[in-house]
Amino acid sequence: MAENNNKKKISFTDNLVLTYRKLLSLIVFLFLFCLFLCVFYVIGNYKEFLDSSQKLILSWLSVSSIVLGFFSFIGLIVNILLIIKKIKIKNRIPAFLLMIFFILFSIFANVFSYLVNYLSLGLTL
């Protein structure tokens, strides 16, 4: 009796693509969460939330934007590896640009959060 090994061996590239898909889902979630926090802060500013509530929103925005920037940078590296491996290059170029956008957005959100926190301390002479 001959045994048939019809099991497909998972290659490094397959693992990389699977990791990239999971990473992209996480990045999109973090982006939407940061966007939600920005909008929530603006609405809270208009509706006159308490200062402690607004500072909490800004601190969560700062933390989530740092995490978004970190994972976007990892996604950028994985995207470059997939471009080098020549796997669906037509799909990778827009994703490459999207990762750069996410990194820039995370920098913007972090700077925004820092500046608003700094300005809320008030001017001391």
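This report describes the fold, the surface and selected residues of one predicted protein chain.

## Basis of the model

Residues are numbered from 1 along each chain as its sequence is written, and side-chain values use heavy atoms, with hydrogens and water left out. The model is predicted, so local features need pLDDT of at least 70 and side-chain atom pairs count only at pLDDT 80 or more, while totals for chains, interfaces and linings use all residues.

## Overall fold

The chain has three helices and zero strands. Helices (H or I, at least four residues) and strands (E, at least two) are DSSP runs, numbered from the N terminus. In sequence order the pattern is α-α-α.

Of the 125 residues in the chain, 30% are buried. Buried means under 20% relative accessible area, exposed means over 50%, and partly exposed lies in between (1.4 Å probe, protein chains only). Contact means heavy atoms within 4.5 Å. Among contacts between residues at least 6 apart in sequence, 75% join residues at least 24 apart.

## Surface

The accessible surface of the chain is about 9300 Å², and carbon and sulfur atoms account for 71% of that area. Accessible areas come from the Shrake-Rupley method with a 1.4 Å probe; for residues, only the protein chains shown count as cover.

A nonpolar surface patch of about 1200 Å² includes Ile89, Leu104, Tyr118 and Leu121. Patches are made of residues with over 30% relative accessible area and no salt bridge; like charges are joined within 9 Å, and nonpolar side chains (Val, Leu, Ile, Met, Phe, Trp, Tyr) within 5 Å. A salt bridge is a side-chain nitrogen of Lys or Arg within 4 Å of a carboxyl oxygen of Asp or Glu. Leu121 lies in the segment after helix 3 (89-120). Leu121 counts as exposed because its relative accessibility is 62%.

## A buried glutamine

Gln54 belongs to helix 2 (residues 51-84). Its relative accessibility is 11%, so Gln54 counts as buried. Leaving aside neighbours within four places in sequence, Gln54 is in contact with Tyr41, Gly44, Asn45 and Phe49.

## Cysteines

A disulfide is a covalent bond between the sulfur atoms of two cysteines. Here the cut-off is a pair of cysteine sulfur atoms within 2.5 Å. The structure holds zero disulfides. The cysteine sulfur closest to that of Cys34 is in Cys38, and because the two are 6.8 Å apart, they are too far for a bond. Cys38 is likewise in no disulfide.

Cys34 is buried, with a relative accessible area of 0%. Cys38 is also buried, with a relative accessible area of 13%.
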